[in-house]
Amino acid sequence: MKILVSGANGQVGKCLKDVADSFPGVQFIFLGRENFALEQFEMVHNVLETLKPDWVVNTAAYTAVDKAENESALAFLINGEAVGNLVNACRQNDCRLLHISTDYVFDGQKHSPYVETDTVNPLGVYGASKLMGEELIEANAPDSVIVRTSWVYSSHGNNFVKTMLRLMKEKDSIGVVNDQYGCPTYAIDLAETLVQICLQQNPAAGIYHFSNTGPITWFDFASAIASITHSNCKVNAINTSQFPTLAKRPAYSVLSNEKLKSTFGIEQKDWLQSLEHCLQLLHGL
């Protein structure tokens with residue numbers, strides 16, 4: 001099995017590197033934007049034609065949710081049009097695509113975990129651009145697998161956990177939103193799941209959801225970080241209206257993992273256990 005990972009310098013790409021040794025039967029090829037720019041069709045096509053991977057796991061994405069509101073053209077290029085280029089190159093070179101998408105394709109009006117067939121209605125540019133990528137995949141490469149995930153963090157890159165650790169060192173108290181519900185996803189757990197899907201015997205195409213267990217709020221998440229690290233910083237619960245952002249977030253974006261579990265037999269891990277594992281790496285606990 002040969003798996004090409006695009007976006008290798010991003011958070012999920014680096015976590016795939018971290019878990020690669022756990023899958024000795026897999027030959028991984030990790031490529032960043034300098035060698036595999038998704039919007040450059042000829043480059044992508046030539047790489048696939050030369051390397052002939054069985055799967056492309058696409059972790060490349062524009063993920064700056066708020067900046068996307070002012071950089072919509074760039075967000076749609078990377079998360080939409082470039083994904084369309086990748087789809088066509090995969091189809092022409094007979095390799096399957098596993099693509100990561102997001103809970104932000106939903107508007108958060110539901111009050112029970114989102115399943116894969118629920119109506120999509122993104123609230124901002126980021127979610128809309130990721131939805132465009134999904135639609136291009138489904139229209140042009142129906143044998144592909146799309147995995148929607150949420151609240152991704154790890155010891156790599158910029159994410160909520162690392163931001164909280166920094167703020168808790170700098171401040172005596174912080175305010176964290178307590179009226180947005182979701183499921184954290186440790187990128188190591190996500191990376192392992194992505195490889196496990198590729199290793200299935202002809203895995204069923206379609207959209208799947210994956211996260212750790214939830215639901216929790218961002219306040220719950222931050223409080224757990226403070227507790228585990230024995231921080232003296234006080235974490236205060238605030239409403240979304242007290243923390244305005246350029247992009248509107250869904251108030252509820254909890255994902256149901258039942259389809260992935262029933263199809264592939266992959267169990268989600270407890271969010272708190274995974275957070276503790278990540279903090280051991282980051283905080284030396």
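Covering the buried residues of α7 (218-228) are, among others, β6 (152-153), α5 (160-170), β7 (173-177), β11 (216-217), β12 and α9 (271-283). Contact means heavy atoms within 4.5 Å. Helices (H or I, at least four residues) and strands (E, at least two) are DSSP runs, numbered from the N terminus. The model is predicted: local features need pLDDT of at least 70, side-chain atom pairs count only at pLDDT 80 or more, and totals for chains, interfaces and linings use all residues. Residues are numbered from 1 along each chain as its sequence is written, and side-chain values use heavy atoms, with hydrogens and water left out.

Helix α7 is mostly covered, with 8 of its 11 residues buried (under 20% relative accessible area, 1.4 Å probe, protein chains only). Among them are W218, F219 and F221. Just after α7, H230 adopts a positive phi of about 55°.

S256 sits in the loop between β12 (234-238) and α8 (258-264). S256 is buried, at 13% relative accessible area. A polar atom of the S256 side chain lies 3.4 Å from the backbone nitrogen of E258. Beyond neighbours within four places in sequence, S256 contacts P113, Y114, V115, E116 and H209.

Methods: Buried < 20%, exposed > 50% of the residue type's maximum accessible area, 1.4 Å probe, protein only. Polar contact = N/O pair within 3.5 Å; in protein donor to acceptor, adjacent residues only side chain to side chain.
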